[in-house]
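Subject: Handover of a structure and notes on its contents

Dear colleague,

Please find the structure below for your records. My notes on what was found in it follow directly after.

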Amino acid sequence: MRRKTRRGGGRQLELTVESLGARGDGVTQLEGKPVFLPMTLPGDRVIAQIQGERGGGLKAEVVELLATGPNRVDPPCPHFGPCGGCTVQHLNPAPYGDWKRDLVVQAMARRGFSGDLVQPLRRVEPGTRRRMSLRAVKQGKKVRLGFNGRESHLIVDLETCLLVTPGLRALIAPLRTALAAILADRDQADIVATETQSGLDLLIVSAAKLDLQAREHWAAFAEAEDLARLSWQHPDEESEPLTVRRNPELSFGGIAVEPVPGGFLQPSIEGEEILTELVMGLVPETAETIADLFSGAGTFTFPLAQRGRVHAVEGDERSLEALWSAALQGGSGQPHHRRATRPDASAGQRR
């Protein structure tokens, strides 16, 4: 370690990164405390400026990268760095898999479980994520649309996202234009876009004015972009479908489910299939009663129903109604479910 004084002032040090932390920051030690260095990797040698404390350690900003470690690669996304959506795109895929698995091993060890229980990482390819949550703000005549910046409330204006499906990626630019025509200066919106089997399902949450002109505008947008459904929600109110051109549809265990606007969903079909395979591998071929806690709209409920009676527990009333309706229409028999008594009710509190 060598102390430096460079333009900009502050306490600047030459440090070598020793490990990768749980949040994707490089970590080294200074005077018995961990130092967290964003966007660095083990083996990197940097000039860093200490900015303050974080989680029992020190937070630092990299002023200069002097040398790189052995596992650094060029990040594929043009927004990597400012965007808070991804933190380790600059890490070689092989050590990335080891790092992700080790995070689970460490968590299990803290509870007294052996790391042998943790399987190797199973990967899902980029471009397969079917759910995208964005934030938007109108600034003058323009709209910033994207994800929050790293450790910031500032929105990074996206041109693309390599994680989401091509259909969702293609929606970013026209959605920005559509929002610019409706939002007033400083208006904000949260957007959840989901690619279903029958088309894109879009939910816009905003306190912006929704008059007849705005309704007509969004109906035209849904037509132009061939959306299945477009819903609007004022904060703290129920969502309202502005246009339904086709009922959005998902399939769980061969049962068609109409998802709740903006409702929880496994991010990718491939990831959902892996999780379903693992869950089904732990359940006997025949079971008297199976408890599906935090069931959502039935991701595991319907596959499990092929092996026994399922008791589905969910805190979101609308998702449970979607599950119930799909069970009745899908001919899977009279479903056994429990309704939520309050939105934040925990499954562990219900008897």
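Strands E4 and E5 form a hairpin with two residues between them, and Glu31 in the turn has a positive phi of about 50 degrees. Helices (H or I, at least four residues) and strands (E, at least two) are DSSP runs, numbered from the N terminus. This is a predicted model, in which local features need pLDDT of at least 70 and side-chain atom pairs count only at pLDDT 80 or more, while totals for chains, interfaces and linings use all residues. Residues are numbered from 1 along each chain as its sequence is written, and side-chain values use heavy atoms, with hydrogens and water left out.

The hairpins

E4 and strand E5 (residues 33-37) pair in the antiparallel sense over five bridges; two strands count as paired if DSSP finds at least two bridges between them. Leu30 has Lys33 in E5 as its bridge partner. Strand E4 (residues 26-30) is mostly covered, since four of its five residues are buried; buried means under 20% relative accessible area, exposed over 50%, and partly exposed in between (1.4 Å probe, protein chains only).

The seven-stranded sheet

An open sheet of seven strands has the order E10-E9-E8-E11-E12-E13-E14, with mixed pairing. Strand E10 (155-157) and strand E14 (240-244) stand at its edges, each with a single partner strand, so one side of each is left without a neighbour in the sheet. From one strand to the next, the twist averages 30 degrees; angles run from 0 to 180 degrees between N-to-C directions, and axes are lines fitted to C-alpha atoms, for helices over the stretch in contact. Within this sheet, strand E8 (residues 131-139) and strand E9 (residues 142-148) run antiparallel and are joined by five bridges. Arg135 has Gly146 in E9 as its bridge partner.

Helix H3 (residues 212-224) packs on the sheet, where it touches strand E12 (199-205), strand E13 (229-233) and E14, and its direction makes about 45 degrees with that of E14. Contact here means heavy atoms within 4.5 Å.

The helix pair

H3 also packs with helix H2 (residues 166-182), at an angle of about 165 degrees and with their axes 11 Å apart. That makes H2 roughly antiparallel to H3, as angles over 145 degrees count as roughly antiparallel, under 35 as roughly parallel, 65 to 115 as roughly perpendicular and the rest as oblique. Residues of H2 that meet H3 include Leu171, Pro174 and Leu175, while those on the H3 side include His217, Trp218 and Phe221.

Thr165 is in the loop between E10 and H2. At 7% relative accessibility, Thr165 counts as buried. Leaving aside neighbours within four places in sequence, Thr165 is in contact with Gly127, Thr128, Arg129, Arg130 and Glu195.

Salt bridges

How many salt bridges does the count come to? The count is 20, where a salt bridge is a side-chain nitrogen of Lys or Arg within 4 Å of a carboxyl oxygen of Asp or Glu.

Asp44 forms a salt bridge with Arg72, with the closest N and O atoms 2.4 Å apart. The pair links distant parts of the chain, 28 residues apart: Asp44 is in the loop between E5 and strand E6 (45-54), and Arg72 in the loop between strand E7 (57-67) and helix H1 (93-109). Asp44 counts as buried at 0% relative accessibility, whereas Arg72 counts as partly exposed at 27%.

The side chains of Arg229 and Glu258 meet in another salt bridge (3.3 Å, N to O). Arg229 lies in strand E13 and Glu258 in the loop between strand E16 (255-257) and helix H4 (269-281), so the pair ties together parts that are 29 residues apart in sequence. Arg229 counts as buried at 5% relative accessibility, and Glu258 is partly exposed, with a relative accessible area of 40%.

Finally, a network of salt bridges links Arg23, Asp25, Arg54, Lys59, Arg150 and Glu151.

With kind regards
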